[in-house]
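Dear colleague,

Please find below the structure I am handing over to you. My notes on it follow directly after.

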Amino acid sequence: MARGKMQMVSSVIGGLTVLFLGSLAFNAASNQERWPGALDLVRTNPWITVVLLVPLATWLLWLSAGAAGRTQRYGRRGTLPPAKTFRMPPRNLLFTGRELAIHEVRTALTSHRSVTVQAIEGMGGVGKTQLAIEYAYRYLHKYAFVAFIDAERLELISSQFVALANALDVPDPVAEQAVTAVYRALANRSPWLVIFDNAGEDFTPQQLLPSGETADGHVIVTTRHRGWSSRGTVLELDVFEDQESVTLLRQRVPDIHWRNAHRIAEMLGNLPLAITQAAAYLRYTGMPAAEYASLLTHQIETMIERGDVTDRPGVVVATLWSLHLRGLEVAHPPAVALLQVCAMLAPEPIPLHLFTRHPGVLPEPLQRSARDPVRWNDAIGAVVGRSLARRQSDRLLVHRLVRAAIRRDMSEDARAATHELACRLLAAEAPPDIRDHPTRWQMWQDLLPHVFAVVEQGPVPGADTEVAVILRVSACCVRNMGDPVTAHPLAERALAIDERVYGRQHPRVAEDLHILGQSLRDLGRPAEARPLVERAREIHDRRYLPGDRASAQDLAQDLALLALIVRDLGEPEVALPLVERAHEIDLATHGPTHGYIADDLTTLARLRQDLGDPQGARELAERALAIDTRLYGSSHAYVGIDSTILANILNDLGERDASRELAAVATAIFQARPGTDYRWTEEDRNLLRKLYPEGWSAS
């Protein structure tokens with residue numbers, strides 16, 4: 001219709017041009033001095049009018065001729081005829097999301113006139129093939145010919161090209177020349193699109209892709225293997241966004257509650273194939289979604305075998321990576337060993353120094369790779385290059401379902417040995433003095449998900465002592481960071497293991513008792529904490545040697561903690577000599593300006609205040625505040641706690657303005673620090689509420 005209008009307009013303009021030229025001739029013959037109305041402008045400026053009308057008429061005639069040519073080529077309607085296709089899979093009518101990805105593919109493919117190659121990279125099951133198919137159907141009207149080639153097995157590609165040549169009416173195609181013949185034939189059917197699906201590691205682009213001289217052709221390659229950036233543009237396809245997963249589940253299982261859909265999506269790591277598989281299983285069995293989610297929590301390695309995907313018969317998450325892992329085992333054994341250890345850890349970023357700092361813990365051949373930076377990066381590259389993991393600077397991230405599939409394929413003996421190895425690695429990384437170095441809490445906090453993943457897999461008979469180490473360090477870390485609820489069971493488990501391995505009087509048992517007593521006190525259970533810490537004090541007291549830093553420090557910490565517990569139980573007069581002895585030991589061991597001295601002074605200040613000596617308490621609290629300010633700076637949490645204690649003492653002394661000023665300082669410190677500090681107690685919270693209620697909002 002638009003073309004018909006164009007032809008009509010061009011005819012009108014052409015007619016007007018002829019009429020105008022005829023009018024000029026008539027004017028010359030009739031010798032008229034003036035034309036009627038606005039036409040006189042044409043008479044007085046004839047050549048300017050000609051300059052304007054002739055190019056316009058020429059352009060419109062050219063457009064009309066082009067439209068006629070397209071009509072002759074594509075039919076009367078003047079648009080591309082319906083595209084012919086070769087082996088295109090059926091369209092997924094429930095295709096979900098990926099709008100931005102499809103737009104990026106289209107933009108990249110149409111950015112050049114010559115052949116454009118677009119690679120879609122990503123892990124197995126992420127939806128690369130579905131994206132390519134959806135793109136092809138969505139833009140089918142833009143192509144004259146679309147072909148789909150299964151590129152997973154190189155030896156089968158040649159026969160597919162022979163079949164494609166036949167479909168393109170190439171006479172007597174020969175296998176050795178089929179690729180060239182196909183692209184020569186496609187040049188006469190442009191624009192065209194060829195999809196190479198699931199290109200394997202041995203895919204040879206220079207032999208199977210067209211040269212850049214052929215115009216109006218697009219190539220999409222889906223692959224798990226990296227390294228396509230030198231041949232074309234690359235789209236790295238990631239897992240679904242959470243909302244996309246929920247939408248897909250609710251499309252296919254309409255009665256599922258969005259909370260259950262969200263939970264299932266999270267446990268499946270938003271992997272599109274796994275989401276589709278889960279939906280199929282739920283539809284087939286009629287199982288309540290909440291029950292399915294529970295099975296994923298406890299039996300994920302079994303559940304990833306269940307559920308058939310209609311468009312990928314026989315393909316399930318459990319076996320999705322098996323072929324690649326078998327190939328990797330032959331080509332790069334250290335990479336497989338690395339993946340197996342990662343499979344025992346959490347689906348969280350894994351610090352690579354966990355391996356490189358402790359190569360002696362590792363078995364061969366992984367040990368040799370960890371000792372050599374070149375071999376180590378080769379091993380990581382073998383994993384990342386096959387999209388079995390992602391590298392994030394100095395960390396490695398393995399998808400939770402890749403982990404589950406790897407564990408599923410391991411023998412019981414291999415799994416037990418790898419579980420033990422993971423425990424030994426974490427124990428080797430555990431800082432022995434985490435209580436004394438707050439800067440190391442964050443480092444170990446990053447490893448906590450991996451600790452929980454390892455210890456939740458059951459007992460490790462060959463690494464009992466290592467398990468106790470990581471439990472004890474983790475309990476101390478999370479308790480120091482304000483989470484006694486999590487710390488308590490960890491400390492209990494560490495104590496049970498160490499008592500069984502070492503007996504009841506061992507120093508490691510005393511350390512466990514101390515940490516367990518701290519967590520119980522933090523939970524508001526000082527009566528239960530007291531006998532545990534008294535046991536720890538007795539063990540350390542028997543081993544105490546004046547001048548021995550380690551034994552002195554252990555005993556002083558037991559005494560200081562026991563003093564706080566006894567104070568909590570309302571016995572400040574019993575607590576006072578305990579903390580005074582701790583203070584003497586710390587002075588002899590560390591000197592008068594150590595952080596432990598500040599701890600002792602704050603406890604002494606509290607006790608002096610309890611015993612009716614606020615002036616003596618003030619002097620002690622001011623000394624503690626000065627030490628912590630000098631050691632940690634004026635905005636540290638320790639300074640906030642010291643300020644809170646001193647503010648309360650000043651309030652008792654009647655110095656209200658000074659008290660509120662210090663309380664305001666403490667409030668500002670805690671408002672600027674998210675979370676809590678291990679010395680920040682409910683008593684301190686209540687003090688700030690009382691002294692500075694209008695500004696207190698720390699949690």
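How many contacts beyond four places in sequence does the model have for residues 65-78, over which pLDDT stays under 50? For residues 65-78 there are 13 such contacts. Please bear in mind that this is a predicted model. The protein averages a pLDDT of 86, and 84% of the residues score at least 70. Residues 1-7 have a pLDDT below 50, and this stretch has 8 contacts in the model beyond near neighbours in sequence.

I turn next to strand β2. This strand, residues 116-121, is mostly covered, with 6 of its 6 residues buried. T116, Q118 and I120 point one way from β2, while V117, A119 and E121 point the other way. Strand β2 pairs in the parallel sense with β5 (residues 217-223) over 6 bridges, and T223 in β5 is the bridge partner of E121. Strand β2 also pairs in the parallel sense with β6 (residues 233-236), over 4 bridges; here I120 has L235 as its bridge partner.

Yours sincerely

Key: Residues numbered from 1 in each chain as written. Predicted model: local features only at pLDDT ≥ 70, side-chain atom pairs only at ≥ 80, totals over all residues. Heavy atoms only, no water. pLDDT = per-residue confidence, 0-100. Contact = heavy atoms within 4.5 Å. Buried < 20%, exposed > 50% of the residue type's maximum accessible area, 1.4 Å probe, protein only. Helix = DSSP H or I, 4+ residues; strand = E, 2+ residues; numbered from the N terminus. Pairing = 2+ DSSP bridges.
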